[in-house]
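We will go stop by stop.

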Amino acid sequence: MSEKNEYILSGLSCSHCAAVIEDKINKLDWVKEARVNLATQILYLDEGSPESSSEKTAVRVKIQELVDSIEDGITVEQRSEHGSSGSDTAASQGLISGRAFLRKWTELTGALIFLFVTLSAGRELFSGTLLIGLYAAAYLLIGRTVLLAGLRNMKKGRFLDENFLMIIATAGAFAIGDYPEAVAVMLFYQVGEFFQDLAVDRSRRSIRSLMDSKPGKVLVLAESESGLSEAVETDPELVAEGTLYRLRPGDRVPLDGVVEKGRGSVDSSALTGESYPRQVEAGSTVLSGFVNRESVLEVRSTRTLSESSYSRIIRMVEESSSRKARSEQFITRFAAWYTPAVVLLAALLAVIPPLVVEGAEFRDWLYRALVFLVVSCPCALVVSIPLGFFAGIGRASKEGILVKGGNFLEALNRIDTVFMDKTGTLTEGRFAVSELLPAEGVEESELLKLAAVAESSSSHPIAVSIVNAWRDRLSGAGESQAPPQAESVEEIAGHGIRAHWNGGIISVGKASWMAEHELTLNPGPEGSTTVHVVLDEVYKGAVVLSDAVRHDTPDALKGLKKSGIESIFMLTGDSDATAAVVAQELGLDGYQADLLPHQKVEALEMAIAQGKKTAFMGDGINDAPVLARADVGIAMGGLGADAAIEAADIVLMGDEPSRLVNARRIARKTRVIVVQNIVLALAIKGVILVLAALGYAGMGLAVFGDVGVALLAVLNVLRIMSGRGSTAPTGPATPR
């Protein structure tokens, strides 16, 4: 048995340190899996299950000891369900703030000393040993954190990091008498690091604010035989499933639930990105994260806080950035051999020319080697590439698109073939009974009743529409709207439903399934969705249903084609006639109908075997296997099945196919910016490295090649977050 816990690594900012920490923790015997998310400073740990709080504390202490052996200044705290809490965390944050304050004033003091002694008046007042001493004092004050970090890392056997490069380069400048330049390099480096940290923290704060957000108190209504008592404010994590609670105008929905009383509208933009309000009434589903706009509603919770939609979305977004894309993994491997290689080249640059070139001075070539070292640091790549994918995921989440990892965002660029489910994906999935075709001697009411009894326990759109038709018919007659309940129900995946009721067996489903009964069936209109009803081997008739194409489906298909998708196919369990009508209306490249779940997987695998990069979009439980098999699985997540959402790699929270076009746009923009950063960093560094070797680049240009390029790359990444808004249709205007 194992337990999954999360730990906040406050103070973690070094990408190399994060990789080393993850690697070291994964090598511990009692750890099954560890993942460090640098962007959110969170360690996800799958560990052996501790039996007591003291054992949990012991685990935290062990992790703290291991982290301390790698990098100082990182505080490890276990993260609770709703963020890090407790006095220890608060105290540690205060201590970190105090250290940061002291560091700023120390560096500022050093900068003032440097500026003073560098002025002509300072040079006239001080000379010789005193001037050198003042430069040394300024250097130590400005570079104190770099020096301490570098010395600690060298003591631990880690020489080839940016701290080591800065120490060697500036110490070398001191050794050859370039005191002002040595201090200036350290000062510019610290200023660049400061602005780089600001840019990174901007992105980090946005995701941390999302992660740490939680609903306020829940107004729970206690129920008794005498009715409802006054609402009691309760912490959301203490509210059980099935609890009745009240929403006032302006309240955020704390828990997924079903409205039992009241009518009004809710703002769903926090989950779906939709700008228009959604009308709700008794029987409507509301999800946590919606905002009640105008009237008092009473809601029956259907999930606890940890399993409610908003909590699950936060968890998905939070964990997604720790799944590395190919580019991130390449840069990690690249940095592992790049830094040692340039250090070796710098050493050769300092030693070989004075030995083989006539008139070459060791001091001159040593300076060139030191400049070479400063510019060689790969931090622009190591920091900006993961941050690029993190920003892309963040941008997508703002548009109601949940991407579960940078690898899936990158894979979205490579797909060339898209498969789509029909019902609930290309179409609304809101069937309406359009016609009843009873067998001879059977009343329409009897036919509809039998169908409603069998379908009453199913959540499939066809089942819901049949039950709603039964309720509508009875409400006009003033009778009870709930259909009788079957004693037992068996759902035959891809075929229909078999129910035991009142001593008989009702079978409701496709014509192909009914063929085994050897009955004469009413065929139903061409291209319609028709389900047949059989009671104890006696045919009772057919129920005809209609399902409209989603309003944005045509635009979505056109947008996908324009974005480079070669083929779009439909895979559906519906009849061939119905599928043909929809495929022709939408201009699809092809379709397959009457498919069971495993047959959808087989159709997808045939395309994969032909070398196609595939995506599948669906919304039902029966779509989960094919969603998991596709290169990119895309679920309609607004009100889609939980199994589909869990199996998918990307979730479209607005239930709009056109959001896939937006996701492709964001993926493409992310890839372009990531490639720009790689080319920018390597090109500028390459030019400066050549100039340094030829003696045309000084320390100032070298610092720009290191910190300046990193800052430019991070600022370029922020363009992803400031992209234009969703191009998806915003839906119909709200009725007034």
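Select residues 144-155, which form helix 6. Now colour the buried positions of helix 6: V146, L147, A149, G150 and N153. An α-helix has 3.6 residues a turn, so residues three or four places apart point the same way.

Zoom out to the whole chain. This is a predicted model. The chain holds 25 helices and 26 strands. Of its 736 residues, 52% count as buried. Among contacts with a separation of 6 or more, 66% join residues 24 or more positions apart.

Next, select residues 659-694 for helix 24 and residues 699-721 for helix 25. How do they pack? Their axes are 10 Å apart, at an angle of about 170°. That angle is over 145, so helix 24 and helix 25 are roughly antiparallel. Show side chains at the contact. From helix 24, pick residues including I673, L680, I684 and I688. From helix 25, pick residues including F704, V709, L712 and V717. The residues of this contact divide into 14 nonpolar, five polar and four charged.

Last, colour by pLDDT. The chain averages 78, and 77% of the residues score at least 70. Residues 81-96 fall below 50, with 15 contacts beyond near neighbours in sequence. Residues 724-736 are also below 50, with 27 such contacts. Where pLDDT is low, the predicted coordinates should not be read in detail.

Technical notes:
Residues numbered from 1 in each chain as written. Predicted model: local features only at pLDDT ≥ 70, side-chain atom pairs only at ≥ 80, totals over all residues. Heavy atoms only, no water. pLDDT = per-residue confidence, 0-100. Contact = heavy atoms within 4.5 Å. Axes fitted to C-alpha atoms, helices over the stretch in contact; angles between N-to-C directions. Helix = DSSP H or I, 4+ residues; strand = E, 2+ residues; numbered from the N terminus. Parallel < 35°, antiparallel > 145°, perpendicular 65-115°, else oblique. Nonpolar A, V, L, I, M, F, W, Y, C, P; charged D, E, K, R; others polar. Expected span 1.5 Å × (residues − 1). Buried < 20%, exposed > 50% of the residue type's maximum accessible area, 1.4 Å probe, protein only.
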